[in-house]
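Please examine the structure shown below before reading on. The paragraphs that follow lead through its core, one of its helices and some of its charged pairs.

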Amino acid sequence: MVSIREVDAKEFIEALKEELKKIKELEPPKWVGVVKSGRHKERPPEQEDFWYIRAASILRRIALEGSVGVSRLRSFYGGRKRRGHKPAKFYKAGGAIIRKILQKLEQAKLVEKGSKGKGRKLTKEGQKFLNKLAYEVSKK
């Protein structure tokens with residue numbers, strides 16, 4: 001059995017993005033194209049399918065780390081903010097996009113809330129879905 005750790009991350013996220021587009025519960029909200037993904041960004045994302053790429057990346061991150069909350073994901077997707085002549089500073093990513101993606105992944109029954117409110121974790125269906133996709137990616 002091939003696991004997620006054994007396949008190339010970029011290829012896996014690309015394949016997962018295409019599979020997530022087929023799930024109707026993961027429709028992006030209308031405001032996604034006009035908001036920045038964090039305080040450290042200067043402009044909104046320019047990719048057409050940013051929502052699905054971020055959802056695929058979040059799903060992969062949950063699969064790798066186990067139980068993951070919004071705060072840890074905000075730190076992971078954060079970055080340096082350019083502040084002119086002052087030194088650059090790290091800022092976390094915005095939480096709204098991450099939170100909405102997690103809620104929609106819950107509706108799709110791929111993730112569930114962890115015990116005692118400790119973030120989100122994969123469901124059995126979600127693990128099966130990712131393992132099957134990892135196997136398909138490894139065959140390419």
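Is R120 buried or exposed? With a relative accessible area of 10%, R120 is buried; this term means under 20% relative accessible area, while exposed means over 50% and partly exposed lies in between (1.4 Å probe, protein chains only). The structure is a predicted model, in which local features need pLDDT of at least 70 and side-chain atom pairs count only at pLDDT 80 or more, whereas totals for chains, interfaces and linings use all residues. Residues are numbered from 1 along each chain as its sequence is written, and side-chain values use heavy atoms, with hydrogens and water left out.

R120 has a charged partner. Its side chain meets that of E106 in a salt bridge, at 2.4 Å from N to O; a salt bridge is a side-chain nitrogen of Lys or Arg within 4 Å of a carboxyl oxygen of Asp or Glu. Because E106 lies in helix α4 and R120 in strand β4, the pair ties together parts that are 14 residues apart in sequence. E106 is partly exposed, at 25% relative accessible area.

Helices (H or I, at least four residues) and strands (E, at least two) are DSSP runs, numbered from the N terminus. Helix α4 covers residues 95-107, and its 13 residues should span 18 Å at 1.5 Å a residue, which agrees with the 18 Å between its end C-alpha atoms. The expected span is 1.5 Å times one less than the number of residues. Among the buried residues of α4 are I97, I98 and I101. The elements that cover the buried residues of this helix include α2 (50-65), α3 (70-76), β3 (111-113) and β4 (120-122).

Attention now turns to the interior. In soluble globular proteins, nonpolar side chains tend to be buried together. A nonpolar core is a set of buried Ala, Val, Leu, Ile, Met, Phe, Trp, Tyr and Cys residues joined through side-chain atoms within 4.5 Å. The largest one here has 39 residues, of which F12, L16, L20, I58 and L59 touch the most other members. Two or more residues come from each of α1 (9-20), α2, α3, α4 and α5 (124-139), and α2 gives the largest share, nine residues. Leaving aside neighbours within four places in sequence, L16 is in contact (heavy atoms within 4.5 Å) with A56, L59, F129, L130 and L133.

Finally, the count of salt bridges comes to ten. One of them joins E18 and K21, with the closest N and O atoms 3.8 Å apart.
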